[in-house]
Amino acid sequence: MIRRATLDDIPLIMSMTKACAAFMQQQGIYQWNEHYPSQKAFELDIKRDELWVLLEDGEIVGCIVISTLMDDEYIPIQWLTPTENNIYIHRLAVHPDHQKKGYAQSMMDYAEALAKRQDALSVRLDTFSQNSRNQRFYEKRGYQRLGNIYFPKQSEDPFYCYELLLI
């Protein structure tokens, strides 16, 4: 089941994303750290009704932000569609104990269906350049890599921007 997150969910979401960060770091992927994702970011996501959680047997095992707001870091990217009615994906996470069960696919299916219902032109996102698993995941879904952006508080390495056309 996928539902909107509430403020009461934040401790579990933070615990899950910290587990994801540790799991990635064990694999040499330094995508998330003590600065990101932050509780403040999740609180703002909830305030904007953009944070969703995936539950398995009543337990939160995943989360995804489905937003209509474009981060300033995305401005220099040469997107395939006009920046008018687009959906942005952030902070997609599945607890390491529940990975490889299709949950990330389910959350992306949900996000893309929601974008289509809202007549969005595309879905945009970024993923860490050192996370080849995520790159393959999005490319298999039809996302096209368009350019690089940087989040210095997360890494010196770039993040790759991707877009999926819905039109």
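How many of the nine residues of strand 4 (residues 86-94) are buried? Nine of the nine are buried, so strand 4 is largely enclosed by the rest of the structure, where buried means under 20% relative accessible area, exposed over 50% and partly exposed in between, with a 1.4 Å probe and protein chains only. This is a predicted model, in which local features need pLDDT of at least 70 and side-chain atom pairs count only at pLDDT 80 or more, while totals for chains, interfaces and linings use all residues. Residues are numbered from 1 along each chain as its sequence is written, and side-chain values use heavy atoms, with hydrogens and water left out.

**Strand 4 and its partners**

- Strand 3 (residues 59-67) runs antiparallel to strand 4 and is joined to it by five bridges; helices (H or I, at least four residues) and strands (E, at least two) are DSSP runs numbered from the N terminus, and two strands pair if DSSP finds at least two bridges between them.
- Within this pairing, serine 67 stands opposite tyrosine 88 of strand 4.
- Strand 5 (residues 122-128) pairs with strand 4 in the parallel sense over four bridges, and serine 122 in strand 5 is the bridge partner of asparagine 86.
- From strand 4 the chain crosses through helix 3 (residues 103-117) to strand 5 in a right-handed β-α-β crossover, a term that applies if, with the strands pointing away from the viewer, the path from the first strand over the helix to the second runs clockwise.

- Ala41, Phe42, Asp45 and Ile46 are buried in helix 2 (residues 39-47), and they lie on the same side of helix 2 because they cover an arc of only 140° around the axis, taken from the directions from the helix axis to the C-beta atoms.
- Lys40 and Lys47, on the other side of helix 2, are exposed.
- The cover over the buried residues of helix 2 includes helix 1 (10-26), strand 2 (51-56), strand 3 and strand 4, with contact meaning heavy atoms within 4.5 Å.

**Aromatic rings and charges**

- Phenylalanine 151 and phenylalanine 159 form an edge-to-face pair, 5.2 Å centre to centre with 85° between the planes; rings of Phe, Tyr and Trp (its six-membered ring) pair if their centres lie within 6.5 Å, and planes under 30 degrees apart count as stacked, over 60 as edge-to-face and the rest as tilted.
- Arginine 91 lies over the face of phenylalanine 42, at 5.9 Å from the ring centre, given that a charge sits over a ring if NZ of Lys or CZ of Arg is within 6 Å of the ring centre and within 35 degrees of the ring normal.
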